[in-house]
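Thanks for coming. Please have the structure open.

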Amino acid sequence: MDYNVIIDNLPLYLNGLWVTIQLVVIALVSGFGLAVPLALMAVSKTSLLRFPAKTYIYFFRGTPLLVQIFLLYYGMGQFEAVRESVLWILFKEAYWCAITAFALNTAGYTAEILRGAIEQTPFGETEAAQACGMSKSTMYRRIILPGSFRRALPAYGNEVIFMLHGSALAGVITIVDLFGAAKIVNARYFVPFESFITAGFFYLCCTFCIVWFFKWVEKHWYAHLRPRIS
Amino acid sequence: MFDLHGYFPMILEGMTLTIEVALLSLLIAVILGLFGAIAKLSKSRIARSTATVYTTLIRGIPDLVLMTIIFYGGQIIVNNIGDSLGWDYIDISPFVAGTLTIGFIFGAYMTETFRGGIMAVSRGEIEAALAFGMPSWKVFLRITLPLMVRHALPGFGNNWMVLAKTTALVSVIGLHDMMYNAGVAGGATRQPFTFFLVVALMFLSITGLSDLGLRWANRRFSIGVRKV
């Protein structure tokens, strides 16, 4: 074991860590924004709304993230129309391809989590909201969605961890994230153990931070919505 | 709809390999998961903490990173051991590395699933078996194991689906699976989108079929369970 190489290349790893954090945070935020309308569509009673959302969720949950990234990164160039459109600015960069793929992917998973949480809303709550004379949109905004976010929180925490782990795939399409940094160090010095274990260590720290963060959120922000133990 | 320029057999070949990797690693994962669950529920503190370290580490590190550690690092370890024992140079094939890694990773997830399943088996059943004078290994094989299947099945199904999708990663360490072949075909025909879409549909068919099978199994193992 030769850890001097790792210490010399620490800046590379820290840069990689920063890229990983960017990828994950941007993908999670935009993915969540996409997931809320998708989940609402998936619980809708109109099949015209429900069907596209269910198909989207089925596709993104049923195929590997690597396939989705390759479809965007290698696949998009196949179409003349895409190459000549404004979208090409986005899809010719590995960075934005990865973010788009991650966001679309996490949107599928998050929508499914939210759908489950919305469907588990106790009937009494919606009944009470209707009795108060709330319109449907008010009821969703004030009653159903806040409660569903609380119920979805543990599963969403897992999804965030999966997204962090999935983000390592960015290293495969030439992005220098944590995994990409490890790949570079390994290629330069041929120290597979040290280089990848260091990356693994950083990922492990991130995972622990996420777990800790979600526990904290559950305890502080959502204390008033904690499920009652009967 | 898809013009595959005669590359379809190659994709199918890749799919066979993907399914082989998936099933073999599932077998490893189930065995590791059972041992892990027994260790986590055992009275020995060493067994418990070993299992906890295993599940925490594995679930905290991305599968791709673990795979490269085992693929590149395992090579070095095996040959270091080999050197001191006077063996010839041993080449770890990507197939072995991929299958072992995926099995090893999902063993950790299976451990948690099986642990939950075993804990859900009612205490009375086990007490009855012990009262019959069964030794504890017999209690486990004849009573706990068959009864926990029903409780572990939904989690097992989820793990299997995630595992099947994770096999796509073996293409990264150079195994000629469905992904890899689609990349080759897509490069040769300049139609990468078409080929990766075909792979996506293949994966959808695998997960779709598994879903049907798991539903059947769920019904089969829940015979005699009164529904609320």
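Among contacts in chain B between residues at least 6 apart in sequence, 76% join residues at least 24 apart. Two residues are in contact here if their C-beta atoms, placed from the backbone, lie within 7 Å.

Before going on: this is a predicted model, where local features need pLDDT of at least 70 and side-chain atom pairs count only at pLDDT 80 or more, while totals for chains, interfaces and linings use all residues. Residues are numbered from 1 along each chain as its sequence is written, and chains are lettered from A and ligands numbered from 1 in the order in which they are written.

Chain B has eight helices and zero strands; helices (H or I, at least four residues) and strands (E, at least two) are DSSP runs, numbered from the N terminus. Along the principal axes, its C-alpha atoms fill a box of roughly 70 × 55 × 25 Å. Of the 228 residues in chain B, 36% are buried. Buried means that 20 or more other C-beta atoms lie within 10 Å of the residue's own, exposed means 12 or fewer, and partly exposed is in between.

The axes of helix 3 (63-85) and helix 4 (residues 94-120) of chain B come within 9 Å and cross at roughly 135°. Axes are lines fitted to C-alpha atoms, for helices over the stretch in contact, with angles from 0 to 180 degrees between N-to-C directions. The two helices are therefore oblique to each other, since angles under 35 degrees count as roughly parallel, over 145 as roughly antiparallel, 65 to 115 as roughly perpendicular and the rest as oblique. Among the residues that meet are B:Leu66 and B:Ile70 in helix 3 of chain B, and B:Ala97 and B:Ile105 in helix 4 of chain B.

Next, the contact between chains. It takes 28 residues from chain B and 27 residues from chain A. On the chain B side, the largest share, nine residues, comes from helix 8 of chain B.

Last, the core. A nonpolar core is a set of buried Ala, Val, Leu, Ile, Met, Phe, Trp, Tyr and Cys residues joined through C-beta atoms within 7 Å. Which residues touch the most other members of the largest one? Of its 108 residues, they are A:Val67, A:Ile69, B:Val65 and B:Val199. Helix 7 (residues 94-119) of chain A gives this core its largest share, 14 residues. Neighbours within four places in sequence aside, B:Val199 is in contact with A:Val67, B:Met178, B:Met179 and B:Ala182.
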